[in-house]
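Open the model in your viewer and show it as a cartoon.

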Amino acid sequence: MQSIYAMHQNDSDNLEKEEKFLFNSIENIRDLYLIMLSALVEIRNSEEDFIEKSSKKHLATAEERNPNKKFINNEVLHLLAESNPLSIAMADRNINNWKNNDDYILLLLEDIKKSEVYEKYMQNKVNNFEEDREFIADLFTEVIAPNEKLYEYLEDNKLTWVDDIPVVNTLIAKQLRSISIPAEGKEAVVVPRLYKDMDDKDFVKDLFRKTVLNNVELAKEFIDKTPNWDTERIAEIDAIILKMAICEFLKFPSIPVKVTINEYLEIAKEYSTPKSSIFINGILDNLVKDYQAANKLIKTGRGLM
């Protein structure tokens, strides 16, 4: 939807170029995931470095000579640091953001040490895996993910990440809460795939291309369903959402009608005007009735209507 909107805004007809941008944007979601997850490792490394330097000070205090190392000994942080899939993915994508911007790591570490979740965790020096896991999950969701400075950095780095941040943070939070000590030969941390399978990736390309290439024909499908609205009065985002939904109705027989409607209503609620979802729902409902009456809605498989 955003890629099609960008094409309209730029008055571009270079389908190949815009499609490449679309797939690059999706690839960048993985980069965001790797950056956010690796921040935990870098924060831990920064604290270890601080503790080591403090202990070697000429006039080190008793606490500095014998510090509480519970945080840097956190077992989940060690699993993240030792994860081969994570290391390989970061090397493949050349992820070194925190090496070049360690000031953000120091800011995050400072906020962590001020947090209640950290203070409670550090009340003793004993590491327990279940407690370590709960702490890291809470730390990520309550301190790191909501950090405004971090958000500003990510937004400045890639504007397309603004909409991806909540999705990625939710994924990481879920992953952290389910992490466990791996069996021998297994990895504790596996980098999720961007696509479920090749059909999933093909769907992205097909939906984008079929919506763009059939733009005029798809628009004609709903114009006579909006007698009180001329084309120019329909919000551009709403028009794109309608075209994409109609495209799925007519050109993707394996996608259930209800799934299509529900998905695009959610997109409308997120990205368009407050009343858009009601407007779009009414049009799509009427179109489905007409398509069914005309046997124009061909869906394959069980339960697809």
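Helices here are DSSP runs of H or I with at least four residues, strands are runs of E with at least two, and both are numbered from the N terminus. By that count, the protein chain of this predicted model has 16 helices and zero strands.

Start with the whole chain. Its C-alpha trace spans about 85 × 40 × 35 Å along the principal axes. The radius of gyration is 25 Å, whereas a compact globule of 305 residues would have one near 19 Å. Colour by accessibility next: buried residues make up 42% of the 305 residues. Of the contacts between residues at least 6 apart in sequence, 80% join residues at least 24 apart.

Now select residues 102–114, helix α7, and residues 129–144, helix α9. What is the angle between α7 and α9? The two pack at about 105°, and their axes are 11 Å apart. That angle makes α7 roughly perpendicular to α9. Show side chains where they meet: L108, D111 and I112 in α7 face L139, V143 and I144 in α9 across the contact. By class, this contact has five nonpolar residues, no polar ones and one charged.

Move on to helix α1, residues 2–10, and helix α12, residues 198–213. Their axes lie 10 Å apart at an angle of about 35°. The crossing of α1 past α12 is right-handed. On α1, pick S3, I4 and M7; on α12, pick F208, T211 and V212, which together make the contact. These residues divide into four nonpolar, two polar and no charged.

Conventions: Residues numbered from 1 in each chain as written. Predicted model: local features only at pLDDT ≥ 70, side-chain atom pairs only at ≥ 80, totals over all residues. Heavy atoms only, no water. Axes fitted to C-alpha atoms, helices over the stretch in contact; angles between N-to-C directions. Parallel < 35°, antiparallel > 145°, perpendicular 65-115°, else oblique. Contact = heavy atoms within 4.5 Å. Nonpolar A, V, L, I, M, F, W, Y, C, P; charged D, E, K, R; others polar. Left-handed = near helix turned anticlockwise from the far one by under 90°. Rg over C-alpha atoms; globule rule 2.2 N^0.38 Å. Buried < 20%, exposed > 50% of the residue type's maximum accessible area, 1.4 Å probe, protein only.
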